[in-house]
Amino acid sequence: MYRFIYYVQRDLRRWGRAPLNMFATMVMPAAWLLFMGLVMPVAYDGNYLDFVTPGILVMTVLTSGLAAGSSMMFDKELGYLNKFLALPAPRESILIGKIVFVTIRGLLQATVIMFIALLIGASVQSVWYYVGTCVILALFSVVIACIGATASLSLHDYDTYAAFQSMVSMPLYFFSTSLVPFSSMPEWMKCIAECNPLTYANDAIRALGTGDSPWLALAVLGVLATVMLLICGWKFRRATLN
Amino acid sequence: MTAIFAQDLTKRYGDLLAVDRLNLSIDNEIYGLLGPNGSGKTTTVSMLATLLAPTAGTAAVCGHDVMQEKQAVRDAISYVPQHMAVDIRLTGRENVDMFASLYGIRDRAERKQRVDDALAMMNLTERADDQVRTYSGGMYRRCELAQALVHDPQVMILDEPTVGLDVSSRRSVWEHIVRLKRAGMTILVTTHQMDEAERYCTRVGIFKKGVLTDEGAPQALTAQYRTVVVIRTEDGAPSRVPDGAQFVQCENGEAIFTADDGAAVLPQILAAYATEGKRVFSSLVRQPTLEDVYLMTIGPVSTDDGAFDRNNFRHVMNRSR
C-alpha cells in the first residue's frame, strides 16, 4: 500500500507546476479571511477574527477536500484511471493517494490562513492549538475527500460532479457554525447544523482556542472519517472491479 | 506456456453480447485485432488486462488466469490504452519513473537505470527532462511506451497505439513495437489502420460483432482472394454482377469487386455498367490488400461513422490541456 506515495507525488507535482492554480488555492482562502474578518460588519462580543478564522479554515478544507472527487473524475474521464488499474500496485492506493493529496494541500492552505490571521489581529495561541487544529482539519478533510471521491465514482462526467460539488458545498457551509455562533441560530437551523460535519470541525477548533474540551467533536469526526473511508473504499472496489 | 490464451471468452453487457466465445493463442508475435468500432476489440483487451471480468470462458496471460491470479497478470503485462494518458506537467523522465515505482522497482539505482534504458529505447533521452506538454503527438505515445516497458513486461497490450498520429510518428511507433517483439515480447495490438497491420503484424484477427470471424497471417488472408477490381463511378454497382465477380461494396466513389481473374472479368463488369447506362470514370485490377479482406469480412461500412465520437473528443481535449 506504500505505493500511494507515488500518486500523491504525482498530484503534488501537477499542482505545483500550474502556477495560477497554486496561486488561487493559496490566496483565495486568505482573501476570504480578510473579507470576513475585517470588512464584514458584524456585532460580536470579543475578537470576531478568532471566531471566524476556524470557519475560514474549515471552508478551505471543504473546498480542497471536494477536489478529491474532481481529481478522481478527471483521471476517470481522461483514461488515467484505467491505466493505473492495470498496474500491479494495489488499486486502493489510487484512492488513498487522492485523499492524502487533498489533505496535504488543505493543510498547506490552512497554514497560510493561520499565519495571515495572526498578522491581521487574531489572538496568538499555543503550539498545541495549531497542531490540534491540523489534526482536526486532517480528519475533516478525510471525511470530505471520501464524500467527493464516492460521488465522483458514482457520477458519469465532470459536469455532473461540478453540479454536485456546488450543490453540496454552499449549503454545508452556510448551515454550519462557520459564520454564525450556534446560540444565534434559529431553532430549525440548529437542527441542520447539528448534523453537519462542518459544525463539529468548527466546534473542535474553537474549543481548542478557548481551552474547552474538543474530544466530543473530535470523536464524531473520527467516527465519520472511518465510516466514510469504509463506504468510499467499498464504492471504489465496486466501481473498478467489473 | 502460451503468452496469451483465451478459451470461449465471453463478455455480455445486459442483452449486448460484446465478445462471443473468443478463442486466442498468441505467443512471441505481434497480433493485431481488427474490427469496426464496437466490435469487441477493446472489451477483449480490457479483459486480458484484468480491467473487465469475463462473463464466461477462461483467459490466461503468461499462464496466469485473468480472474484468479490478477496480480500475477498485472505483474507480467503492460497495458497502453487507446487515449494517451501521460501527465503533461510532469517531465518524460518523471512519468516513466512514476510507473517504475508503481511497478514495484524500489531500488533507486536500478530504477534510474531502467528509466534511462526505457527512455533511450524510445529515443526520448534528449527531451527526458522537458515537461510532456512540450512533446509532439508521437513523443507522447513513445513516452507511454517507455512507461509500459520500464518493468520489462512479457506481454504488451496496446489499444490503437497510432490513433491521432501523423505518418512519420506512426512509422516510428511501429518500428519501436517491432523492436520489442524482436526482443522477445508478445504484443497484442488493436488497430483500425489496415496498412499498418498488414505490414507489421505477424498475425491478425478480424472481429465482427463480438465474434472472431477470420484469423491468420496477413499474407495468408490476402492470398484467399486472387484479384480486386475497382471501378470509379458515381452510380454504384450494376444490378446484375457478371459471373466470376463478387461485389464487395461502394465507398468514396469506388465500387469494389473480387474475382479469381480480375483482368478476364473486367470487360464483363464494364459491359454491365454500359448496359445499365451507368458511367464509369476509370477501372483498375490489383492484388488484394488486408483492407479488402477486412471489408469483405465485416461487410458494408457503418453509416454512423460521422456521428459524434465522445472518446475521440475526450482524447483531443486531453491533448490540448
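Author: In chain B, the C-alpha centres of domain 1 and domain 2 lie 37 Å apart. Domain 1 spans 4-221 and domain 2 spans 226-298; such bounds come from an automatic or database domain assignment. This is a predicted model: local features need pLDDT of at least 70, side-chain atom pairs count only at pLDDT 80 or more, and totals for chains, interfaces and linings use all residues. Residues are numbered from 1 along each chain as its sequence is written, while chains are lettered from A and ligands numbered from 1 in the order in which they are written.

Domain 1 of chain B gives 13 residues and domain 2 of chain B gives seven. Two residues are in contact if their C-beta atoms, placed from the backbone, lie within 7 Å. On the domain 1 side, at least two residues each come from helix H7 (194-200), strand E9 (203-208), strand E10 (211-216) and helix H8 (218-222) of chain B. Helices (H or I, at least four residues) and strands (E, at least two) are DSSP runs, numbered from the N terminus. That side of domain 1 of chain B holds eight nonpolar, two polar and three charged residues. Ala, Val, Leu, Ile, Met, Phe, Trp, Tyr, Cys and Pro count as nonpolar, Asp, Glu, Lys and Arg as charged, and the others, Gly among them, as polar.

Next, the partner chain. Chain B puts 23 residues into its contact with chain A, and chain A puts in 19. Helix H1 (4-16) and helix H4 (80-85) of chain A each give two or more residues to the chain A side.
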